[in-house]
Amino acid sequence: MKRLLILCSAVAVGFCSLASAAALQGVTSAPVGNGSTPVSACDTDGFTVSYTTSGGNVTSVAVGGIAPACAGGSLRVTVVDGSRASVASGGPLTVSGSSANVSVSPNPPGATPAGVDVSIVGP
Amino acid sequence: MASRTWLLAIVAGSLLVGSGVAIAASLSITSESLTTVTIVAPVPISTCTLTPSADSYVDQATLQQGSNFGGVTPLEVESSQGFLGLSNSNKRSFVTFALASCSIPAAAAVQSATLSVFLSQAPDQNRTWDINRVTGAWTEGAITWSNQPASTASTSVTTGTTSNVTLQATVTSNVQSFVAGSLTNNGWMFRDSVENSSTLRNGQFRSREFATVSQRPTLVVNYYP
């Protein structure tokens, strides 16, 4: 009887551990990996972006409309073309205030960008 | 014996719990927030639309070679060997635009530059009009057949035979060079690609003096600063 109890205890603890791991994997793998479902967001109403060009090439991206809750977070931008391929990136930059100007590299021609991915990790 | 069994069971349970924590750690789970937003936003292109700062036509006819037509409308392009073929009497038109008023940075990337004219009277036979880049200075009030500046080939348009249509030509390369300062902007000359026609071929387009603004020649430049 005692042995049976001991075996049951061990199996139960192990099951709980595996269940926890499985649950955690379910939470984290796809959503964080592809960024489609924020774990939690410091800004829920989106951003605005504008470009600065020089010599016809994009040199920086200005991100506006950043919520106060994002202050202290780490901001990165990725400039993408029409097929969503990265053509330039910038950051990280610590957010302070409602806007941030991020230099990007390399400097793609002005006709190339189709949009910007903005990400803020933290605070 | 019983106590050793308990100990083994506890150790086994701890290892399993430990492996769960290890998995969580390997997934970099933290308490930080992550905000990601994709904004679809191409770079806005800058556009400058100009009407000519000067335009005129010149006439090869014997009695007109020294005449200036800077203040008239329409502008004319004509291929003709003249009366009885005694003296060629072609006509050519010149237009230029004050690109400097657009304040386009010299390093800007010109994406397109389109020269448009409103064909108020089409030739009675389809013609090809050469649009040459003018290489010398001229003024609206002084240009004549006799003193017209030289030019070099740039592009061309076909006229068709329908009047009251807009003809458009791409002059992107020329404008990019004008903006960059590698070429001097003296505008363009329109002429029939085959001058001295035995049958007079005349086409006309509105000049900058024409009352209806929308029918004046235009140069539309799209660029990234």
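Student: How many of the residues of chain A count as buried?

Tutor: A residue is buried if 20 or more other C-beta atoms, placed from the backbone, lie within 10 Å of its own, exposed if 12 or fewer, and partly exposed in between. Of the 123 residues of chain A, 28% are buried. This is a predicted model, in which local features need pLDDT of at least 70 and side-chain atom pairs count only at pLDDT 80 or more, while totals for chains, interfaces and linings use all residues. Residues are numbered from 1 along each chain as its sequence is written, and chains are lettered from A and ligands numbered from 1 in the order in which they are written.

Student: What pattern does chain A follow along the sequence?

Tutor: Helices (H or I, at least four residues) and strands (E, at least two) are DSSP runs, numbered from the N terminus. Chain A reads α-β-β-β-β-β-β, with one helix and six strands.

Student: Why is strand β12 of chain B described as largely enclosed?

Tutor: Five of the seven residues of β12(B), residues 218-224, are buried, so the rest of the structure largely encloses the strand.

Student: Which residue stands opposite L219(B)?

Tutor: Strands pair if DSSP finds at least two bridges between them. L50(B) stands opposite L219(B) in β12(B); β2(B), residues 46-50, runs antiparallel to β12(B) and is joined to it by five bridges. Seven bridges join β6(B), residues 109-121, to β12(B), again antiparallel, and T218(B) is the bridge partner of S116(B).

Student: Where does V171(B) lie?

Tutor: V171(B) lies in the loop between β9 (165-170) and α2 (172-180) of chain B. V171(B) is buried because 22 other C-beta atoms lie within 10 Å.
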